[in-house]
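Start with the structure below.

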Amino acid sequence: MTKTLITCDCMGTQSIDAKALSEATGFEVTPPCKALCTSQIELAAKGLTQGNAVLCCTQEARTFEALAAELELEPAPLLDLRDRAGWSADEGSKLPKMSALAAEAMLPAAPEKSLDVISEGLCLILGAPEVALEAADQLAPHLGVTVLLESSDDLPDTRAYDVVTGRLRKAQGALGQFRVTIDALRMIEPGGRGSFTLTEPRDGGVSECDVILDLRRDAPLFPAHEKREGYLRADPGRPQAVAAAVMAASHLVGTFEKPLYVRTEPLLCAHSRAGQVGCTSCLDLCPTGAISPDGDHVSVDPMICAGCGACSSACPSGAISYDAPPVDLTFRRVQTLAKTYLDAGGAAPRLLVHDAHGAEMIRLSARHGDGLPADVIPLEIRAIGAFGHAETVAALAAGFASVTLLPGPGADLPALATQVALSNAISGGGKVTLLDTPDPDAMSAALYGEEAPAPVATPVRPMGTRRQITRQAARALHPEAESLALPEGAPYGAVLVDQDACTLCLSCVSLCPSGALGDNPDLPQLRFQEDACLQCGLCANVCPEDAIAYEPRLLLTDEAFDQKVLNEEEPFACVECGTLFGVKSTIDRITEKLQAHPMFDGDKLRMIQMCDDCRVNAQYHSENNPFAVGEPRRPRTTDDYLSKRRDH
């Protein structure tokens, strides 16, 4: 069923060419009304009844949801054409941008994956008595409260909640499954007259709870504590902050949906092999500590993962990829925006990538400032950290002249800066910028003042993995180039081998996680396919001769898909049968070193120059045959045992 866009010019404050927009998008577009949310709301009701309407207004979402509930219908999709396009100080045509935004909004959304988290309302409160006990009084009617105090001097005369004393040693977990370890733990003895007494102290007491309310002045219990669900922390010197934390804690009871932000493919992980550590990109970036080593690969704790997306951008192999939404949907959104904009008559569009905070900045700029330029297309994603170099280069290859990342509060700026540097190295420099400002006016001024470079002459929209898309996009951006120099730590590059030091032991081949290094079963050769190399560091770490180094680069020719020989030597021929085995230089070197050794006198030294079969045969027929055995021992019988008895 063809979608119908029900448009509104918001009391004449924006201009919408319904006919041209319909021709550009292929959707049915109604002539813009004046007040869709008030005096002309019957148009929205009609669209809801027909079931194929898209209401082009997000500001009054609450009004349209109430209308749908009143009509006992599903709410209609909403599309913002006003704040992102219509309200702008730019006099240029808004038709290409509106067409692109409409086409991108119609892409099918991927279903969200989540797991249920159950919180029974068991709350542990930490802090000084004057603050923690007051918070406990407020939360006791709603939650199962336990207060941890450092001393027994201020025990309250109440059993409305539990009070224990001790020192918090360790805390781990997240909402619904916190686990704390307490030393010098003492609990109240409820019986007896007079003041409460405490049990004898013991170390290593373990307790579980659903929520932790931290009202201490000490350091947070967790890294990136603001992203740890169920952990609420407030400055005890700020009553408003404490009140807000208490209010938030009172609502953390019931069943919650925890989004599954990332998808893992352990077989692709290049973290380690044979006890040697290789790639640690995701481990170094994860702000919450949700990623941990797990044998040869890494594992992600979905309860701790906050969904920042930095691991997906930095993973060289695709072992971790963002899944809320999936990476391929992000590529489709970018390519749809570029294609529709260009098909609608636009030229040299610019992409502005932002999160929910950036969306609010755009709304404020549109209402009270200059808004966005007509050629700047906003793309809102849940986690801006997931928009890495692959997505950026793909956007430039699809026809965008530049890409600007607008991070919100809490974004990992160093990780974003790394991806921007890598994107500029691949794209040619100056086309990708990081706009770090909380000021909507400063954002608009920077975008209006930018001189966009020329876009790619022939846009392409490649498909495949992030590595494949990056390579294809780079070839479109640099059709004449053969290789691009990349910054240190890039996930693309060549392996360099010192041929004088390499002994062709092939340890690197057996441990290469991607198959970039290989051997030749017929000849002593070390082969390399650059397209598959992750630059993970495993081969250099495992090489006993320190003969391996790296050159970060992106080879754009077909040579990247070919296996080339990094080192080879003449094979050694068995002195008995002539079969080729081993490396001649290695056999000669071993023979030279052992020829004066007393254990290798006579024919024993010659055995080193034999293949496996001939060596075993020579040992078997030698004077001191190591395989020779004596006469088999006679089995003992009943007669043997009876002969030793005195009664026989």
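Two strands count as paired if DSSP finds at least two bridges between them. The model discussed here is predicted.

**The sheet**

β26 and β27 (residues 523–529) pair in the antiparallel sense, over 4 bridges. One of the residues involved is G518, whose bridge partner in β27 is R527. Strands of a sheet pair through backbone hydrogen bonds, either parallel or antiparallel.

This pair belongs to an open sheet of 3 strands, in the order β26-β27-β29, with antiparallel pairing. Which strands stand at the edges? They are β26 (517–520) and β29 (563–568). Each has a single partner strand, so one side of each is left without a neighbour in the sheet. From one strand to the next, the twist averages 35 degrees.

**The helix pair**

Helix α10 (residues 327–343) packs with helix α12 (residues 389–398) at an angle of about 20 degrees. Their axes are 9 Å apart. Angles under 35 degrees count as roughly parallel, so α10 is roughly parallel to α12. The crossing of the two helices is right-handed.

The table lists the residues that make the contact.

| Helix | Contact residues |
|---|---|
| α10 | V327, T330, F331, V334, Q335, A338 and L342 |
| α12 | A390, E391, A394, A395 and A398 |

What is the make-up of the contact of α10 with α12, in nonpolar, polar and charged residues? The residues divide into 9 nonpolar, 2 polar and 1 charged.

Conventions
Residues numbered from 1 in each chain as written. Predicted model: local features only at pLDDT ≥ 70, side-chain atom pairs only at ≥ 80, totals over all residues. Heavy atoms only, no water. Axes fitted to C-alpha atoms, helices over the stretch in contact; angles between N-to-C directions. Parallel < 35°, antiparallel > 145°, perpendicular 65-115°, else oblique. Left-handed = near helix turned anticlockwise from the far one by under 90°. Contact = heavy atoms within 4.5 Å. Nonpolar A, V, L, I, M, F, W, Y, C, P; charged D, E, K, R; others polar.
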